[in-house]
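Reader: Hi! Could you walk me through this one? I'd like to chat about the sheet and then the charged pairs.
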Amino acid sequence: MDLTYASLEEQFYARFNLTPVLFRSPGRINLIGEHTDYNDGFVMPAAIDKEIIFAMALSDEGTTAIHSINMNETVNIDLDRVAKTESPGWFNYLLGIVARLIENGYTIKPFKCSFGGNIPQGAGLSSSAALECGFIYGLNAVNGFGIDANDMIHIAQWSEHHYAGVKCGIMDQFASVMGRKDHVLLLDCRTFSHRYIPLQLGACEIILVDSKVKHSLASSAYNTRREECEEGVRILSKHFPAIHNLRDITPRSVRSHQSHFPDNVYKRCLYVTEEIERVQSAAQDLERGDLKTFGKKMIETHRGLSALYEVSCPELDFLVNQMVLNPNVIGARMMGGGFGGCVIAIVRSSARNEIEDEMYRKYSDRFSIVPDVYEVAIADGVSKIG
Ligand code: GLA
């Protein structure tokens, strides 16, 4: 059963004998715009109703402790000596936040914190961004630091880069903080300007099919993709000296310089430049209510992620290929960093059960893994509870 706010509060009181303030921090989906954020492109994420909830209180005892309810682990922090840890893995996301705040001159008062939630891990729903963003939001509130949303987002991303070792873009943290109920965010990752687009799916809905695999190369391959994009920019800038990153170039220019690139770099650049264009026209489809065209673009994104960006895997390709055979599937694609996690699909609500049953059957037959299917609603970004 999911952890309730009341039970989190009770457990916190029983453990620390303090009355906490509660916060919630959501995971995210992304409709379209994958691996574009760190190339200064566009993304279209939304915060969801799967979240991590935090209980936090300052403590007079002078010691700081954090308890993970899901993992049933407690760790202590010496606020005068913060450093990366070998384990538990989840602790690093939080240590990075603490380290960065201290580096930026904030004095964190000793505190106690418990947290738990229902964001499946490794599913590509950004449980790590939810953890970072909820934690910094809570620390900001109980210490009265007055840090604004933009800085919180960047401190959370810093923690992921320096303490978790993933050179992620800004999408996940941005969505977790800035999400708005029933809306997707169209975010320009270069300027951080963003627009909320109401998500009106009419007779359709979003489902997530979790492949339940997470291939171990995920984070190292992520960093490699980022380097390949940077290499692409170095090559292109010999011909286009004014460019800063792949946002500044068209797929056409990439194609016309194909012979200058190593094959892998060419494919990465082509995918990213195409995807940046695709997101912008997909936003117009969505605003016009043209789900059919939008859905086609999701499928094109998947093809690009699989063949050009090479971050898919046989399990995700299988799910997408099977789903798109069904005429009631409007669009489907792998979501997030890749190498496992979820497929996001827009499906006709009337056929949802049939599609889910079909996926359970086909995927289990093929991979001997029973997939999970999640229904999600679009929620507000991080907030204080009550
Ligand atoms: C992960 C990263 C994001 C983004 C996606 C791919 O979720 O954290 O910044 O790059 O992968 O779109």
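Reader: Let's start in β11: which residue is the bridge partner of R333 there?

Author: That would be I344. Keep in mind that this is a predicted model.

Reader: Thanks! And how many bridges does β10 make with β11?

Author: Five, and the two strands pair in the antiparallel sense. Strand β11 covers residues 340–348.

Reader: What's the strand order in the sheet?

Author: The order is β10-β11-β9-β12, in an open sheet of four strands with antiparallel pairing. From one strand to the next, the twist averages 20°.

Reader: Which strands stand at the edges?

Author: Those are β10 (329–334) and β12 (372–375). Each has a single partner strand, so one side of each lacks a neighbour in the sheet.

Reader: Nice. Which strands does helix α10 touch?

Author: Helix α10, residues 314–323, packs on the sheet and touches β9 (204–214), β10 and β11. Its direction makes about 10° with that of β11.

Reader: And where does helix α11 lie?

Author: Helix α11 (residues 352–367) lies across β9, β10, β11 and β12. The helix runs at about 15° to β9.

Reader: Switching topic: how many salt bridges does the structure hold?

Author: There are 28. One of them joins E228 and R225, whose closest N and O atoms are 3.6 Å apart.

Reader: Are those two buried or exposed?

Author: Both E228 and R225 are buried. They sit three residues apart in helix α6 (residues 218–239), so about one helical turn separates them.

Reader: What about E274, which residue does its side chain meet in a salt bridge?

Author: R255, at 2.7 Å from N to O. This pair links distant parts of the chain, 19 residues apart: E274 is in helix α8 (residues 263–288) and R255 is in helix α7 (residues 251–256). R255 is partly exposed, with a relative accessible area of 42%.

Reader: Good to know. Which residue does R288 form a salt bridge with?

Author: D290, and there the closest N and O atoms are 3.3 Å apart. R288 is exposed, at 52% relative accessible area, while D290 counts as partly exposed at 23%.

Methods: Residues are numbered from 1 along each chain as its sequence is written. This is a predicted model: local features need pLDDT of at least 70, side-chain atom pairs count only at pLDDT 80 or more; totals for chains, interfaces and linings use all residues. Side-chain values use heavy atoms; hydrogens and water are left out. A salt bridge is a side-chain nitrogen of Lys or Arg within 4 Å of a carboxyl oxygen of Asp or Glu. Buried means under 20% relative accessible area, exposed over 50%, partly exposed in between (1.4 Å probe, protein chains only). Two strands pair if DSSP finds at least two bridges between them. Axes are lines fitted to C-alpha atoms, for helices over the stretch in contact, and angles run from 0 to 180 degrees between N-to-C directions. Contact means heavy atoms within 4.5 Å.
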